[in-house]
Amino acid sequence: MILKIFWQKNCPNCPLAKELGKKLEKEIKVELHNVETVDGLAEAAYFNVLSTPTLVLVDDGNREVASWRGEVPKEEEIRKFLKK
């Protein structure tokens, strides 16, 4: 599984999302995507990201398992998907 975090510079909740990603990167691969870059925006378009922060949990086939759009979930919310 991979946790994709979509963020931008002026987002007030994005630092919290990135901090959550740092906590989880020992257990799961975490990718940060700045939506203000071409590559970040392309990845955001693929996952229909319309607000930041958005966190998308994907499986090994790059299919969305869960997402939190415009909010930062609690660490436990993400961990319950990792146990499945």
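Author: Happy to. Let's begin with Tyr 46, which is exposed at a relative accessible area of 58%; exposed means over 50%, buried under 20%, and partly exposed in between, using a 1.4 Å probe and protein chains only. Keep in mind that this is a predicted model: local features need pLDDT of at least 70, side-chain atom pairs count only at pLDDT 80 or more, and totals for chains, interfaces and linings use all residues. Residues are numbered from 1 along each chain as its sequence is written, and side-chain values use heavy atoms, with hydrogens and water left out.

Reader: Thanks! And Phe 47, is that buried or exposed?

Author: Phe 47 is buried, with a relative accessible area of 5%.

Reader: Which cluster do ring pairs link Tyr 46 and Phe 47 into?

Author: Ring pairs link Phe 6, Tyr 46 and Phe 47 into a cluster. Rings of Phe, Tyr and Trp (its six-membered ring) pair if their centres lie within 6.5 Å; planes under 30 degrees apart count as stacked, over 60 as edge-to-face and the rest as tilted.

Reader: How many aromatic pairs does that rule give?

Author: The count is three aromatic pairs. One of them is Tyr 46 with Phe 47, an edge-to-face pair at 4.9 Å centre to centre with 80° between the planes. Trp 68 and Phe 81 are edge-to-face too, because their planes stand at 75°, with the ring centres 5.9 Å apart.

Reader: Where do Trp 68 and Phe 81 lie?

Author: Trp 68 is in strand β4 (residues 64-69) and Phe 81 is in helix α3, so the pair ties together parts that are 13 residues apart in sequence. Helices (H or I, at least four residues) and strands (E, at least two) are DSSP runs, numbered from the N terminus. Trp 68 is buried at 6% relative accessibility, and Phe 81 is buried at 17%.

Reader: New topic! What sits over the ring of Trp 7?

Author: That would be the charged end of Lys 18, 3.6 Å from the ring centre. A charge counts as over a ring if NZ of Lys or CZ of Arg is within 6 Å of the ring centre and within 35 degrees of the ring normal.

Reader: How many salt bridges are there?

Author: Eight, where a salt bridge is a side-chain nitrogen of Lys or Arg within 4 Å of a carboxyl oxygen of Asp or Glu. In one of them, Arg 79 and Glu 27 meet at 2.4 Å, N to O. Arg 79 belongs to helix α3 (residues 75-82) and Glu 27 to the loop between α1 (14-24) and β2 (29-34), so this pair ties together parts that are 52 residues apart in sequence.

Reader: Which residue forms a salt bridge with Lys 29?

Author: Glu 31 does, with the closest N and O atoms 3.7 Å apart. Salt bridges that share partners join Lys 4, Lys 29, Glu 31 and Glu 43 into one network.

Reader: And how many disulfides?

Author: One; the term stands for a pair of cysteine sulfur atoms within 2.5 Å. Cys 11 and Cys 14 form it, with their sulfur atoms 2.5 Å apart. Their link is right-handed, with 90° about the S-S bond. Cys 11 is buried at a relative accessible area of 9%, and Cys 14 is buried at 1%.

Reader: Last one: which residues does Thr 52 touch?

Author: Leaving out residues up to four places away in sequence, Thr 52 touches Phe 6, Trp 7, Gln 8, Cys 11, Cys 14, Val 35 and Gly 70, contact meaning heavy atoms within 4.5 Å. Thr 52 lies in the loop between α2 (38-46) and β3 (54-58) and is buried at 17% relative accessibility.
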